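This report describes a two-part assembly one level at a time. Please keep the sequence and the structure at hand while reading.

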Amino acid sequence: MILRLGADFLVAVLFSLWAGRPGWPGFVIGLAIGFVIVSTSDLAFGRPNHGRRLLWMIHFAGYFLAILIRANLQIAREILTPGFNQTPRIVRYPVQDLDDLQVTVLANCITLTPGTLVVDASEDGRWLYVHCMYAEDRAKAVNGLQKLDDRLRREVFSW
Amino acid sequence: MDTVRDVITVILLGSGLSFMLIGAWGVVRLPDAYHRLHASSKCSTLGLFGMLAGAVVYIGTVDALIKAALTLLFTVVATPVGSHILAKAAHSRGLRQWDHTLSDELADDQRDGPPQV
């Protein structure tokens, strides 16, 4: 995915240099041309389509914004109302079958979703340790993490 | 038209600023280091998003939109990484955890080694 987006941007830069039209209109046209080239090469080699994956990523970005807002409302309520109702725990979460970049993306997403914060990763990179604010029931907290993980795997990691 | 734009700008700026303020207050008020990091990482990201959106609506050029999107992208990548480092430092120095913390599997695993799967 990163390779494909990079190729897309490279075509855009080359096009705006070649067309001699600096500024964003030339760049956007270049992006469109790069998009067509990358999509065509995907179709020719029978790989999953670039455009569809881009749509999945935009879909995930919308979902991410929604959960970021929910996370903020949740912590704002905890801060602004008197007394504390948290039931915090540090739980381990398995990430054996992801590579380093994917673990980093997952950890960043976990930190910005409601009630969870990544504390550490184990030395061998097989476990993430997550501080959950509302984890009265450990299984339920891990289940929430699993849901985000599944979504990331389906919509972003399926390169 | 300009009035509508001003109103939207004020709403976006105001919500961004209030999330930042709530986050700052949370850093003071919440019971231990991990809860404070929850407040600082989430609230500053959404607060910055609101303020950048307000700026883009007010300026209203594509250049501003691209710059704001890039700023937001780098923030979303960098802020959680910073809070991971702070949380890791807090745990390795053994900072006091809140009394109601139910379990700490990171400490368990550092003592006994991680589970074998």
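## Model and chain A

The structure is a predicted model. Chain A is divided into domain 1, residues 2–45, and domain 2, residues 50–155. The C-alpha centres of domain 1 of chain A and domain 2 of chain A are 34 Å apart.

## Chain B

Chain B has four helices and zero strands, and its pattern along the sequence is α-α-α-α. The radius of gyration of chain B is 19 Å, whereas the globule rule gives 13 Å for 117 residues, so chain B is more spread out than a compact globule. Along the principal axes, the C-alpha atoms of chain B fill a box of roughly 65 × 30 × 25 Å.

Of the 117 residues in chain B, 30% are buried. Among contacts in chain B between residues at least 6 apart in sequence, 67% join residues at least 24 apart.

## The sheet of chain A

Chain A contains an open sheet of three strands in the order β1-β3-β2, with antiparallel pairing. β1 and β2 of chain A stand at the edges with a single partner strand each, so one side of each has no neighbour in the sheet. From one strand to the next, the twist averages 35°.

β1(A) and β3(A) pair in the antiparallel sense over six bridges. On this side of β3(A), Pro94(A) has Trp127(A) as its bridge partner, and Ile90(A) stands opposite His131(A).

The pairing of β2(A) with β3(A) is also antiparallel and runs over five bridges. Here Leu117(A) has His131(A) as its bridge partner in β3(A), while Thr116(A) stands opposite Cys132(A). β2(A) and β3(A) form a hairpin with five residues between them. In the turn, Gly125(A) has a positive phi of about 70°.

## Burial of the strands

How many residues of β3(A) are buried? Six of the six are, so β3(A) is largely enclosed by the rest of the structure. In a regular strand, side chains alternate between the two faces of the sheet. Both faces of β3(A) are covered. On one side the buried residues are Trp127(A), Tyr129(A) and His131(A), and on the other they are Leu128(A), Val130(A) and Cys132(A).

β2(A) is mostly covered, with five of its six residues buried.

## Trp127(A)

Trp127(A) lies in strand β3 of chain A. Trp127(A) counts as buried because it has 22 C-beta neighbours inside 10 Å, and the cut-off for burial is 20 or more.

Leaving out residues up to four places away in sequence, Trp127(A) touches Arg92(A), Tyr93(A), Pro94(A), Val95(A), Ala121(A), Ser122(A) and Pro114(B). One of these, Pro94(A), is also the bridge partner of Trp127(A). Another, Pro114(B), belongs to chain B. Val103(A) is 24 residues from Trp127(A) in sequence, and their C-alpha atoms are 9.6 Å apart in space.

## Interface between the chains

In the interface, 33 residues of chain A are in contact with 38 residues of chain B. On the side of chain A that touches chain B, at least two residues each come from α3 (50–80), β1 (89–94), α4 (100–111), β2 (116–121) and β3 (127–132). The largest share, eight residues, comes from α3(A). By type, the residues on this side of chain A divide into 22 nonpolar, seven polar and four charged.

Which helices of chain B meet the sheet of chain A? Helix α2 of chain B, residues 33–59, lies across β2 and β3 of chain A and runs at about 115° to β2(A). Helix α4 of chain B, residues 105–112, packs on the sheet and touches β1, β2 and β3 of chain A. The direction of helix α4 of chain B makes about 65° with that of β1(A).

Key
Residues numbered from 1 in each chain as written. Chains lettered and ligands numbered in written order. Predicted model: local features only at pLDDT ≥ 70, side-chain atom pairs only at ≥ 80, totals over all residues. Contact = placed C-beta atoms within 7 Å. Nonpolar A, V, L, I, M, F, W, Y, C, P; charged D, E, K, R; others polar. Domains from an automatic or database assignment. Rg over C-alpha atoms; globule rule 2.2 N^0.38 Å. Buried ≥ 20, exposed ≤ 12 C-beta atoms within 10 Å, placed from the backbone. Pairing = 2+ DSSP bridges. Axes fitted to C-alpha atoms, helices over the stretch in contact; angles between N-to-C directions.
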